[in-house]
Amino acid sequence: MREAFRGGDQRVDPDLLLARLDAVRRFLAAADGRLPDAQLVPAHTLVERAGTRLALSRDHTLVALAGATGSGKSSLFNALARLELSPVGVRRPTTGVAHACVWGPPEDAGRLLDWVGVLPRHRFVRESALDADDEAALRGLVLLDLPDFDSVQRSHRLEVDRLLGLVDQVVWVVDPQKYADRVIHTSYLREFHRHRDVTLVVLNQADRLPPAELPRVLADLRRLLDADGLEGVPLLTTTATRPDGITELRAALERTVAERQAALRRLAGDVDTVVAGLDELVGTTRPAGPDDTTADELTRALAGTAGVPAVTEAVEQAYRHRAVASTGWPLVRGWRRLRPDPLRRLHLPGPGGDSAQPAESLVAATSVPDPTAAQRSALGLAIRAVADRAGSELPAGWPTAVTDAARSRLADLPDALDRAVAGTDLGLNHRPLWWRLVGAVQWLVTLTALAGLGWLVLGYALRALGLPELDTPRVGEVPLPTLLLLGGLLAGLLVAALTRPVVRWAAARARRRAEQRLLTAVSAVGDEYVLAPVRGVLTSYDEARDALRDAARH
Ligand SMILES: Nc1nc2c(ncn2[C@@H]2O[C@H](COP(=O)(O)OP(=O)(O)OP(=O)(O)O)[C@@H](O)[C@H]2O)c(=O)[nH]1
Ligand SMILES: [Mg+2]
């Protein structure tokens, strides 16, 4: 992302800057916890620093003199202040801590200097009643004389780096001997290429060059600056030791102070830098999210670990068990009932069980067999597939966030699945009407057979006791009681035989229906525990991408 270069005279709209900073904040809100913290540090630093800088005085412009040791920063500082404030030395490095000079009332500038951490004993106030209006044009300037950045003292360099991150404008001071030193270009000037509109380069000690040499040195320096990405930055010459040697620099600073734009430009450049650094974390495509095929695969894998096949098998058996218990020959039904109900064995609602309770109120207590290693690895693969497919088109950092999200609730899955299975209405709570009808028919034929048996027993008893015999009607050749007994028994067997295939068919149907319901419940678990966290990351990604696009607007 190439930022638009705001030329030296292009103004930064404060409202637009605030909107861009707000967009960076939104980006962070979306990306925090999703992307590695280290990648978000610059954005956090910017938001924090910009908030503070804008809350502090906007009427002051914080300008730093930065450069190698001996380039003449302190000399320029003193020359601009027209006082000997910062020690100038022959022993290098001279300046160990930043010194500040404030033009104008010191109160507001004081808070600014507290923030950048310049000690009160190193602060000076330039303007006083004695100066009359001499210094009025610089009113609002807070000038910092920094330690050298190529120091043998590591603390100097750290201090310079810290302050360069905070100031509104930087005046880079170079001298004819060291202007081409690698460190200033690679470690500093190049880093400032997005801050061209708050960068000024000064070739100091111009008096040390033969006048004929000056244009050549300036051209060489300009070439180096261009190579640093600093095309177009003002390049001035100064001689700190002569009163008329800093006129150009003073005029440039007066313009900067009058515009009151440096702070805004600096922050706008910082936003550019941060946005460019984050660019690779967002792409242009909108992620599609988990598709139906992956969701189905997930449901199947979850169903495996949840023991759905075992439960549906039990449903089919239970249906047959219960159907036979209701429709079978009444005399063997009682014996049937003594056998355990297959669903009860899994601690799922048996006959009369109230499975309509809300799932939450059920303790996870089914005795569905634990998933096998194969089922567990199938689930792992399915979750991985969800993450891979959802994250495949996302740029660096996000696929990991998607994978983490997909697995984030893995530990809660077994209980959730158990609750879902336990809370599913398996459709076996009501005895179908046809069971009752067949049951009634069975009772009828059984009673008929019993009536015949009773009649026969009574006839034998009367005969045995020598009592007068009953008048037994006959149907054809067969006596009626015998017909009733045999006919009842045969009819019972016949009804049982005819019912059996119907029961088998209905049991298979009950199994399919239960399976459907279980899969629905299991897929809801998959949605809540796996897909929803994944969608959450994709939403964050979308928000982060939109926010970054807003932050990049000029
Ligand atoms: N001839 C000449 N000498 C200069 C000029 N500017 C600074 N000097 C001398 O260069 C030496 C170093 O100047 P300083 O101002 O202390 O340099 P500095 O950049 O502050 O150095 P550190 O504090 O060590 O980083 C001093 O002896 C100054 O008198 C200049 O424009 N012309
Ligand atoms: Mg110095």
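Me: In which helix does valine 24 lie?

Reply: This is a predicted model, in which local features need pLDDT of at least 70 and side-chain atom pairs count only at pLDDT 80 or more, while totals for chains, interfaces and linings use all residues. Residues are numbered from 1 along each chain as its sequence is written, chains are lettered from A and ligands numbered from 1 in the order in which they are written, and side-chain values use heavy atoms, with hydrogens and water left out. Helices (H or I, at least four residues) and strands (E, at least two) are DSSP runs, numbered from the N terminus, and valine 24 lies in helix H1, residues 14-31.

Me: Is valine 24 buried or exposed, and which residues does valine 24 touch?

Reply: A residue is called buried under 20% relative accessible area, exposed over 50% and partly exposed in between (1.4 Å probe, protein chains only); valine 24, with a relative accessible area of 1%, is buried. Contact means heavy atoms within 4.5 Å, and, not counting residues up to four places away in sequence, valine 24 touches Ala43, Leu46, Val47, Val271 and Ala551.

Me: How many helices and strands does the protein chain have, and why is the chain said to be more spread out than a compact globule?

Reply: The secondary structure comes to 18 helices and nine strands. The radius of gyration is taken over C-alpha atoms, and the globule rule is 2.2 Å times the number of residues to the power 0.38; for the 554 residues here that rule gives 24 Å, whereas the radius of gyration of the protein chain is 45 Å, well over that value, so the chain is more spread out than a compact globule. Along its principal axes the C-alpha trace spans about 155 × 45 × 40 Å, and buried residues make up 48% of the 554 residues.

Me: How many aromatic pairs are there?

Reply: Rings of Phe, Tyr and Trp (its six-membered ring) pair if their centres lie within 6.5 Å, and planes under 30 degrees apart count as stacked, over 60 as edge-to-face and the rest as tilted; by this rule the count comes to six aromatic pairs. In one of them, the rings of tryptophan 172 and tyrosine 188 have centres 6.0 Å apart and planes at 50 degrees, so the pair is tilted. Tryptophan 172 lies in strand E5 (residues 169-174) and tyrosine 188 in helix H6 (residues 182-189), so this pair ties together parts that are 16 residues apart in sequence. Tryptophan 172 is buried at a relative accessible area of 0%, and tyrosine 188 is buried at 3%.

Me: Which kind of pair do tryptophan 398 and tyrosine 541 form, and where in the chain do they lie?

Reply: Their ring centres are 5.2 Å apart and their planes stand at 80 degrees, so the pair is edge-to-face. The pair links distant parts of the chain, with tryptophan 398 in helix H15 (residues 398-407) and tyrosine 541 in helix H18 (residues 480-551), 143 residues apart. Tryptophan 398 counts as buried at 0% relative accessibility, and tyrosine 541 is buried with a relative accessible area of 0%.

Me: Which residues do ring pairs link into a cluster?

Reply: Ring pairs link Phe149, Trp172, Tyr188 and Phe192 into a cluster.
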